[in-house]
Amino acid sequence: MTAVDSSAATAPSLPAVPFLDLSAQSIEIADEVLPVWREQLLTAAFVGGVEVDGFENEYAAYIGATHCVGVSNGTDALELAYRAVGVGPGDEVIMPGNTFIATAEAASRIGAVPVFVDVDDDQLLIDVDAVAAAITTRTRAIVPVHLYGQTAPVEQLRPLAAKHGIAIVEDAAQAQGASAPAGRAGALGDIAATSFYPGKNLGAAGDAGAVTTDDPGLAASVRMLQAHGSVVKYEHERVGVNARLDALQATVLRAKLRRLEAWNGARRSAAATYRELLAGTDGVRLPASRPDHDDVWHLYVVRVEQRDQVVRALGRAGIGTGIHYPTPVHLTAAYAHLGYRRGQLPVVEAAAARVLSLPMYPHLERGHQVAVADAVRTAVHAAGSRT
Ligand SMILES: *Cc1c(COP(=O)(O)O)cnc(C)c1O
């Protein structure tokens, strides 16, 4: 007992590091946002208007798409994008098993069937050969998910999609600003959905999302479906939904969009710092990037054995972590009715047991990362020696 006490007393005091710090972002934009919010409140300018139009134009220009339709959240954005390309009841939508469940939910909501495929072991992004093998006569869309801030192989999927007349719907929720040689995430496929949930690289002060596309017809469909299926008020052409972007959120998004390049740059340096601090650490597999792809590190995901033990040890050391995702979507209770069995998507399933997201955000400091890296080394070593 004395030994424990004395070692605790002599242990270096490491700073606690949260998994995510969003208030640092709010502090940067507060002076810009609050006067506009005050004006919006006093003039009751809540729906549509200059802030929403302004954000849509600025976001479209930023990612290099012709059209942007601001919507209520990322899940609605996906549903509207699926419907715009013609996905309907009974149609199949191919997507990776390693994604947030919303990619699948949005398909289920319109009566379509998510078809889950495996990912590549290097980046955990949708596997092109697995997609090719999953195509049937009912396939209506393929969804490359730009997970963790890395662009999925849209260019390689393109010939496959063209050959079968299938649409490519990007899920760009984790990749605002990420780029591939062909362009930015959200401007690589036929249409894209993104989320501005507060924790994303570009986050609102609540829920928000967008659909982007170069196709004027698809943009018009999304706009119509988003507004109760009408272009002219009270003339309803299709059964739509209410999925508007609030003016208050558009104001926050405009302020943050002006800082997104700088914040993504800070994430890139933080990723480089983790690489430097953790390179060569036994038992820690670092994330891989492809050359010519500018990743935006929404999450910094390493892979370790005995992951749950490592998570607990990091928690005791004051280090916040996340797991993206502990249960692959095809094995969730929500999708049990589709009848997938363990072992069907081996890469996704092996990754789910090992992935560990380390603290990552633009305002993360090097001192914090040193503490994280030290704690990871200690935790991984301890977990390894216990097995
Ligand atoms: C966050 C997220 C979504 C859903 O966005 P919401 O705004 O929360 O509805 C969809 N797909 C992925 C990959 C996400 O990370």
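This is a predicted model: local features need pLDDT of at least 70, side-chain atom pairs count only at pLDDT 80 or more; totals for chains, interfaces and linings use all residues.

Reader: In what order do the strands of the seven-stranded sheet lie?

Author: The general idea is to list strands by who pairs with whom, and two strands count as paired if there are at least two bridges between them. Here the order is E1-E9-E8-E5-E4-E2-E3, in an open sheet with mixed pairing.

Reader: Why is one side of E1 and of E3 left without a neighbour in the sheet?

Author: Strand E1 (67–71) and strand E3 (113–117) are at the edges and have a single partner strand each, so one side of each has no neighbour in the sheet. From one strand to the next, the twist averages 25 degrees.

Reader: How many bridges join E2 to E4, and which way do these strands run?

Author: Three bridges link strand E2 (residues 92–96) with strand E4 (residues 139–142), and the two run parallel. For a position to look at, take Val93, which stands opposite Ala141 in E4.

Reader: Which strands does helix H3 touch?

Author: Contact here means heavy atoms within 4.5 Å. Helix H3 (residues 50–63) packs on the sheet and touches E1, strand E8 (191–195) and strand E9 (209–213). The direction of H3 makes about 130 degrees with that of E1. Helix H7 (residues 154–164) lies across E4 and strand E5 (167–171), at about 155 degrees to E5.

Reader: What is the order of the three-stranded sheet, and how is it paired?

Author: This open sheet has the order E10-E11-E12, and the pairing is antiparallel. Strand E10 (284–285) and strand E12 (355–358) stand at its edges with a single partner strand each, so one side of each lacks a neighbour in the sheet. E10 and strand E11 (residues 300–304) are joined by two bridges, and Arg285 stands opposite Arg303 in E11. Helix H10 (residues 307–316) packs on this sheet, touching E11 and E12, with a direction about 20 degrees from that of E12.

Reader: Which residues is Ala250 in contact with, leaving aside neighbours within four places in sequence?

Author: With those neighbours left aside, Ala250 is in contact with Glu51, Val52, Phe55 and Leu245. Sequence separation and distance in space are read separately. Ala250 and Asp53 are 197 residues apart in sequence, while their C-alpha atoms are 8.6 Å apart.

Notes:
Residues are numbered from 1 along each chain as its sequence is written. Side-chain values use heavy atoms; hydrogens and water are left out. Helices (H or I, at least four residues) and strands (E, at least two) are DSSP runs, numbered from the N terminus. Axes are lines fitted to C-alpha atoms, for helices over the stretch in contact, and angles run from 0 to 180 degrees between N-to-C directions.
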